[in-house]
Amino acid sequence: MKIQSKFVLLFFCVALGLISILMGAIFFFTQRYAFEDFYKRLEARVNIGAQVYMQEDEQTIFYYRRIRNRYLERLPAESDFFFRVEKGKVIPKKGAPTLPKRFFEEILKKGRSRYSSHNDFFAGRFFKSEKGDFIVIVYAKDPSGFRELAMLQKILIIGFFISVLVVYFIGKVFSQQIFKPFSQIIKKVQKITADNLHLRLPARNGKDELAEITTTFNDMLDRLETAFDTQSNFISNASHELRTPISIISGEAELAMNNKDLPESYKQSLSAIMSEADKLQEIISGLLSLAKTSADKSKQPKERVRMDQLLMNIKKITDQVNPDCELRLSFEDLPEEEDELTVMGYEHLLQLALSNIVTNACKYSDNKPVRIRLKTSDKHILINVLDEGIGIPEQEKKYIFEPFFRASNTHFYEGHGVGLPLALKIIRLHRGTIDIRTQVNSGTDITVLLPSVANQE
């Protein structure tokens, strides 16, 4: 997940959590206030009801009831109930609602209590009088309060979902504005390759993190460009400076060999010199090729390379150079679209990499049949080279791509340990991979995976 997406998700979760807490608090305290207010209204009627109950004068009772009806609004389904208390026990009364025992116990213990069941509310209080102890309970419904809370709940739910959309939109816009400079830097960095290391990121004013990143990256490009230039100069100079004296040594040795009066022991020494000079020439050529794969390719533009044609060329060349090697090409279900068989790259380097793999397969299998399969999968090109050779010991498999490394079972075969490292560098240069499966005395299976032109569209 990208940092921008993580930022949006974090912002969304935090904002959503705060909104949820705020809306929950609004609903909780509104509900609590509404019920508290309604209970107070019930308790006011409890006190009036007690005063009426304690009066013996009918006229006084009449005035109490008249005042209550005039100045206190009638609550929905309002009714009051009086219970006598004798010796600490509540005397049941016919027609009274069934209430939990703990409600009466709390009234006797604390002097008052409240109780609700769904939309039914009860408020009760204990009184002492000359007529005896009694409890007054007032009952009423609260349809308006419940309707208001239901409406508030609906509004809060709708507001919550609207807030979700608004918060997500704000987080998206906010993150885009914050990460916009980083996106611009990424786009410019992606344009910088080994072919144009002279490009630099535009300098930024200020001392913020973006300016620091830009400066650090430009400094790194300076060091890389210097390193690439040094390497390119070394390759150019080494190509002439190293090959020239070796060619002279080989030529002088060969010239001396043509002297008929030369003793046989001298001829054997000269022959050894020529042989070792040829080996040295091969090592130097391999090293220079290895170095060139990392050098600047600005003078070598990429081209479209058909892999089926390239493999047929490799087979043709191998048949001429090593006729004892039996190569068997197999093209499995090749697609009709040419782009799916084509790679954008350097044809001579790809041919060098695959030729090294095929040559190793022939050499280390004592010219037993080598099968080369070409197929496509998910806009990638798969080249499989399977031999029946000596294989590679499992514990040494991780070292085979290191320059000059040779497996312990290759003593009887000539080689310098440069072919596979060179092939790996070339394949990686083309954004591909190499996978090796091998078993001692059973053979080696090498699979090269390259992205096709269709993958880059």
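**Close-up views of a predicted model**

View 1. In the pair formed by phenylalanine 11 and phenylalanine 174, the ring centres lie 6.2 Å apart and the planes meet at 40°, so the arrangement is tilted. The two residues belong to distant parts of the chain, 163 residues apart: phenylalanine 11 sits in helix H1 (residues 3–54) and phenylalanine 174 in helix H4 (residues 143–190). Phenylalanine 11 is likewise partly exposed, at 28% relative accessible area.

**View 2. The edge-to-face pair of phenylalanine 12 and tyrosine 168.** With ring centres 6.3 Å apart and planes at 85°, phenylalanine 12 and tyrosine 168 count as edge-to-face. Because phenylalanine 12 lies in helix H1 and tyrosine 168 in helix H4, the pair ties together parts that are 156 residues apart in sequence. Phenylalanine 12, at 19%, falls under the 20% limit and is therefore buried, whereas tyrosine 168 is partly exposed at 41% relative accessibility.

**View 3. The largest nonpolar core.** This core has 38 residues, and those with the most contacts inside it are Met307, Leu350, Leu354, Ile357, Ile383, Val448 and Leu450. Two or more residues each come from helices H8 (307–321), H9 (347–363) and H10 (419–429) and from strands E9 (370–377), E10 (380–386), E11 (433–439) and E12 (443–451). Helix H9 gives the largest share, eight residues. Beyond its neighbours within four places in sequence, valine 448 is in contact with Leu354, Ile357, Ile381, Leu382, Ile383, Ile427, Thr433 and Ile434. Another core, of 16 residues, lies apart from this one and includes Phe38, Leu75, Ala140 and Leu149.

**View 4. The disulfide between cysteine 325 and cysteine 362.** The whole structure holds one disulfide, with an S to S distance of 1.8 Å. The torsion about its S-S bond is about -45°, so the disulfide is left-handed. Cysteine 325 lies in the loop between H8 and strand E7 (327–331), and cysteine 362 in helix H9, 37 residues apart. Both cysteines are buried.

**View 5. Histidine 430 in the loop between H10 and E11.** A relative accessible area of 4% means that histidine 430 is buried. Its side chain reaches the backbone oxygen of isoleucine 426 at 2.8 Å. Leaving aside neighbours within four places in sequence, the contacts of histidine 430 include Tyr346, Leu349, Leu350 and Leu450.

Technical notes:
Residues are numbered from 1 along each chain as its sequence is written. This is a predicted model: local features need pLDDT of at least 70, side-chain atom pairs count only at pLDDT 80 or more; totals for chains, interfaces and linings use all residues. Side-chain values use heavy atoms; hydrogens and water are left out. A nonpolar core is a set of buried Ala, Val, Leu, Ile, Met, Phe, Trp, Tyr and Cys residues joined through side-chain atoms within 4.5 Å. Buried means under 20% relative accessible area, exposed over 50%, partly exposed in between (1.4 Å probe, protein chains only). Helices (H or I, at least four residues) and strands (E, at least two) are DSSP runs, numbered from the N terminus. Contact means heavy atoms within 4.5 Å. A disulfide is a pair of cysteine sulfur atoms within 2.5 Å. A polar contact is a pair of N or O atoms within 3.5 Å; within protein, one must be able to donate a hydrogen and the other to accept it, and residues adjacent in sequence count only if both atoms are side-chain atoms. Rings of Phe, Tyr and Trp (its six-membered ring) pair if their centres lie within 6.5 Å; planes under 30 degrees apart count as stacked, over 60 as edge-to-face and the rest as tilted.
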